[in-house]
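User: Please guide me through some features of this structure, one question at a time.

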Amino acid sequence: MPNMRQIRGRKPSFFLSRALFFGLETGRRTAMGGLAEGFILSLRGKEAVAMASTWLWRGDDSALAGVQPAGQQDGEAAAIVAASEIALQAGDAVIASSPRKAISPDAYDGIWVVNAGAAHAAVMSPSERSRIWRRAGLSPKEEGEADTRVYRVTVVNLEPFAIHRLAGGRSQSIAAEGWPDAPPLSRVARAAVRALYALGLEIGEAEVSLSDTGRASIVAAWPLAADTLQGAELARRFAAKYAAETAGMAERRILIGADPEFALLTPAGKLAPASRFFGEGARGAAGADAMYIGRRLLYPVAELRPEPAETPAALAANVRRLLARAAAKIGDPELRWAAGAMPLRGLALGGHIHISGAPLTGRLLRLLDSCAAYPLALVEDPAGRGRRPRYGALGDFRPQPHGGFEYRTLPSWLVSPAAAKAAFALALLCAREALRIPRLPAQEERYEEAYYAGDRTELAGCLDAVAAAVSATESYEPLARYIEPLFESARQGKTWDEGKDIRAKWRIPVPVQ
């Protein structure tokens with residue numbers, strides 16, 4: 001585990017018996033068999049449990065259970081630890097595992113509350129789930145819709161753990177741990193992860209229907225309680241992976257990268273395909289990006305793929321170099337270079353941020369939503385509302401081959417270097433501070449609703465809390481000069497203009513007509 005500072009004022013003493021951990025009567029616990037007994041390891045003394053970084057919360061703050069990953073040398077299985085004393089540390093994770101009582105996302109300072117929405121999701125009506133999924137751009141399966149291929153996806157920390165095909169009352173294993181290579185299964189897995197995330201869950205299961213046309217629809221999703229064999233196993237898997245991913249964080253080098261998009265528009269306001277200048281396919285650091293229009297795969301927008309960097313200024317310099325390189329290929333003086341969220345009706349643009357060196361967690365994603373997506377939504381052109389929810393969904397990410405991940409929620413901040421540097425700085429701050437920041441701001445559902453509805457008045461209500469959270473971090477001071485202009489513009493109600501040519505702001509010469 002990383003050496004993390006102890007949470008101030010929180011050094012509680014907890015005792016947990018086996019029966020209390022499982023929350024089951026003796027007869028039912030015995031019926032679970034000897035395997036359940038093997039999940040419990042009684043340890044005495046604070047040093048024995050200090051290694052654990054994941055805990056279980058079952059509705060009572062005075063009765064936490066530590067999930068103890070196995071030592072890697074002896075190959076033992078991980079075990080649930082009942083302890084007499086536990087000292088929570090910043091960066092630890094607490095899995096909410098009560099189906100009856102909700103835990104506050106801010107219940108513990110500096111602690112990642114996993115599955116914060118478990119209790120609510122367990123009693124949520126089908127209509128409420130469908131409303132939340134539609135708001136997030138997902139497709140719930142409609143009543144009476146014909147059955148197609150149905151899959152059950154088990155998810156641990158926003159990653160597929162297992163995929164089973166359900167047919168004729170039977171379950172057939174299709175894919176094991178990790179993201180599947182086959183595009184249809186990958187689509188199913190992404191839908192399952194997004195469905196759980198929208199319900200406030202990082203560990204759970206979802207059933208997804210896949211039509212013959214490749215459309216993924218959400219049938220159901222639910223958390224997995226740790227008082228079941230499967231839930232306990234997933235908790236142990238989570239604990240082992242989380243401990244490994246966070247080990248040595250203080251010494252890690254965090255890099256940020258990007259792949260922003262921009263459009264080429266004619267004087268008549270029509271789209272000039274970027275493939276006309278760059279060719280088709282992802283070639284080089286500046287090229288054309290693919291998207292389906294109907295059933296046709298086209299390359300209408302330009303995309304930059306700058307080298308990653310450690311600072312916002314360095315990454316912005318890399319972006320500018322690629323814009324200059326693109327200008328050398330695009331010699332048409334009549335074209336306007338446009339960026340933002342939706343500079344042309346129906347054409348959504350993205351400003352994806354790549355992060356490596358920081359573990360992907362639901363806490364980091366929700367921090368990025370609150371501290372990066374919300375402030376940028378406050379300053380984007382009002383027309384950008386049309387991008388959501390099909391694009392720009394909260395928590396939208398994609399794992400990358402280099403081991404990091406791509407945060408895909410943001411619009412194209414290429415509108416100006418100031419917007420770009422603010423996006424870079426906020427993403428970098430979130431990555432550095434995700435394990436230390438005391439509380440996640442703007443977690444109320446009203447802000448999610450306002451974000452998707454484009455309600456600036458309501459969304460602006462979270463700005464002070466976001467600013468207070470980021471400005472209190474150790475990383476803020478060197479990044480403040482990039483972040484403060486964005487916050488100030490949001491406070492003043494200023495928005496960027498997607499009708500302007502981005503080359504002027506980036507100091508890219510425009511050809512003379």
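User: Is Ala-328 buried or exposed?
Analyst: In this predicted model, Ala-328 lies in helix H10. Its relative accessible area is 71%. A residue counts as exposed when this value is over 50%, so Ala-328 is exposed.

User: What distance separates the C-alpha atoms of Ala-328 and Phe-277?
Analyst: Ala-328 and Phe-277 are 51 residues apart along the chain.

User: How many charged residues are in the contact of H10 with H12?
Analyst: From H10, Pro-312, Leu-315, Ala-316 and Val-319 take part, and they meet Lys-421, Phe-424, Ala-425 and Leu-428 in H12. Of the residues in this contact, seven are nonpolar and none is polar, while the number of charged residues is one.

User: How is H15 oriented to H16?
Analyst: Helix H15 (residues 463-471) and helix H16 (residues 476-491) have axes 11 Å apart and pack at an angle of about 175°. Because angles over 145 degrees count as roughly antiparallel, H15 and H16 are roughly antiparallel.

User: Which residues of H16 meet H15?
Analyst: The H15 side of the contact includes Leu-463 and Asp-464. Across from H15, the residues of H16 are Tyr-476, Phe-487, Ala-490 and Arg-491.

Key
Residues are numbered from 1 along each chain as its sequence is written. This is a predicted model: local features need pLDDT of at least 70, side-chain atom pairs count only at pLDDT 80 or more; totals for chains, interfaces and linings use all residues. Side-chain values use heavy atoms; hydrogens and water are left out. Contact means heavy atoms within 4.5 Å. Helices (H or I, at least four residues) and strands (E, at least two) are DSSP runs, numbered from the N terminus. Ala, Val, Leu, Ile, Met, Phe, Trp, Tyr, Cys and Pro count as nonpolar, Asp, Glu, Lys and Arg as charged, and the others, Gly among them, as polar. Axes are lines fitted to C-alpha atoms, for helices over the stretch in contact, and angles run from 0 to 180 degrees between N-to-C directions. Angles under 35 degrees count as roughly parallel, over 145 as roughly antiparallel, 65 to 115 as roughly perpendicular and the rest as oblique. Buried means under 20% relative accessible area, exposed over 50%, partly exposed in between (1.4 Å probe, protein chains only).
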